[in-house]
Amino acid sequence: MSTQYPEQISNPAIESSLRQWREHGGLHRLEGTKCSECNEVYYPRRSVCPKCHSLNMSVFRFSGKGTLLNFFTNNIPMIAVFGFREHSPRFMSTVKLDEGPVILGEVIELSNPELLKPGVRLKTTIRKQSRSANTSWKYGYKFVLDK
Ligand SMILES: [Zn+2]
């Protein structure tokens with residue numbers, strides 16, 4: 001964390017612009033892969049189907065809609081240290097997408113935290129997540145209530 005950029009700065013040793021480029025389809029458009037042999041879908045992308053071992057995989061774009069399975073409220077003071085003070089508390093969730101895979105994400109823009117219960121419908125939206133090592137913003141999906 002720097003005083004100039006109070007948000008979390010990614011570690012350049014594990015975060016590269018090449019990696020961001022490779023993964024931006026998954027983070028921005030929620031793209032995974034679909035097996036052409038058994039039709040199973042995966043997120044994040046896979047090059048080999050774990051179910052039938054086929055290499056015949058293609059890019060699959062998820063609808064971005066799903067159902068909340070579970071969540072926890074993150075009130076840990078460390079999130080303020082990492083620059084997310086204005087977002088406290090944060091609601092980290094597991095969401096079962098309509099197409100099948102279960103993914104992790106943060107639920108944002110809750111008018112009332114009591115609305116967050118397992119079974120509620122959610123949809124993805126693109127938001128700022130953190131700053132990259134070169135100080136540019138890194139974007140990715142988060143969840144909002146699907147009304
Ligand atoms: Zn398969």
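Me: Which residues is leucine 97 in contact with, leaving aside its neighbours within four places in sequence?
Reply: In this predicted model, leucine 97 is in contact with Phe62, Gly66 and Ile103. A contact here requires C-beta atoms within 7 Å.

Me: Why does leucine 97 count as buried?
Reply: The cut-off for a buried residue is 20 or more other C-beta atoms within 10 Å. Leucine 97 has 20 C-beta neighbours inside 10 Å, so leucine 97 counts as buried.

Me: Where is leucine 97 found, and what separates its C-alpha atom from that of leucine 68?
Reply: Leucine 97 is found in strand E5.

Me: What makes up the largest nonpolar core?
Reply: The core has 10 residues: Leu30, Phe62, Leu68, Phe71, Val95, Leu97, Val107, Leu122, Tyr141 and Phe143. Two or more of its residues come from each of strand E4 (65-74), strand E5 (90-97) and strand E8 (137-145).

Me: Which residues is tyrosine 141 in contact with, leaving aside its neighbours within four places in sequence?
Reply: Tyrosine 141 is in contact with Leu27, Leu30, Gly105, Thr124, Thr125 and Ile126.

Me: Why do strands E2 and E3 stand at the edges?
Reply: The open sheet has the order E2-E1-E3, with antiparallel pairing. Strand E2 (41-42) and strand E3 (57-61) each have a single partner strand, so one side of each is left without a neighbour in the sheet.

Me: What makes E1 and E2 a pair?
Reply: Pairing needs at least two bridges. Strand E1 (residues 31-35) and E2 are joined by 2 bridges and run antiparallel, so the two strands meet the cut-off of at least two bridges. Lysine 34 stands opposite valine 41 in E2.

Me: How do you know that E7 pairs with E4 and with E8?
Reply: The same cut-off of at least two bridges applies. E4 and strand E7 (residues 121-131) pair in the antiparallel sense over 3 bridges, and glycine 66 stands opposite leucine 122 in E7. E7 and E8 run antiparallel and are joined by 9 bridges, with threonine 125 opposite lysine 142 in E8.

Me: How many helices and strands does the protein chain have, and what percentage of its residues count as buried?
Reply: The protein chain has 2 helices and 8 strands, in the pattern α-β-β-β-β-α-β-β-β-β along the sequence. Of its 147 residues, 14% count as buried.

How values were computed:
Residues are numbered from 1 along each chain as its sequence is written. This is a predicted model: local features need pLDDT of at least 70, side-chain atom pairs count only at pLDDT 80 or more; totals for chains, interfaces and linings use all residues. Helices (H or I, at least four residues) and strands (E, at least two) are DSSP runs, numbered from the N terminus. A nonpolar core is a set of buried Ala, Val, Leu, Ile, Met, Phe, Trp, Tyr and Cys residues joined through C-beta atoms within 7 Å. A residue is buried if 20 or more other C-beta atoms lie within 10 Å of its own, exposed if 12 or fewer, and partly exposed in between; C-beta atoms are placed from the backbone. Two residues are in contact if their C-beta atoms, placed from the backbone, lie within 7 Å.
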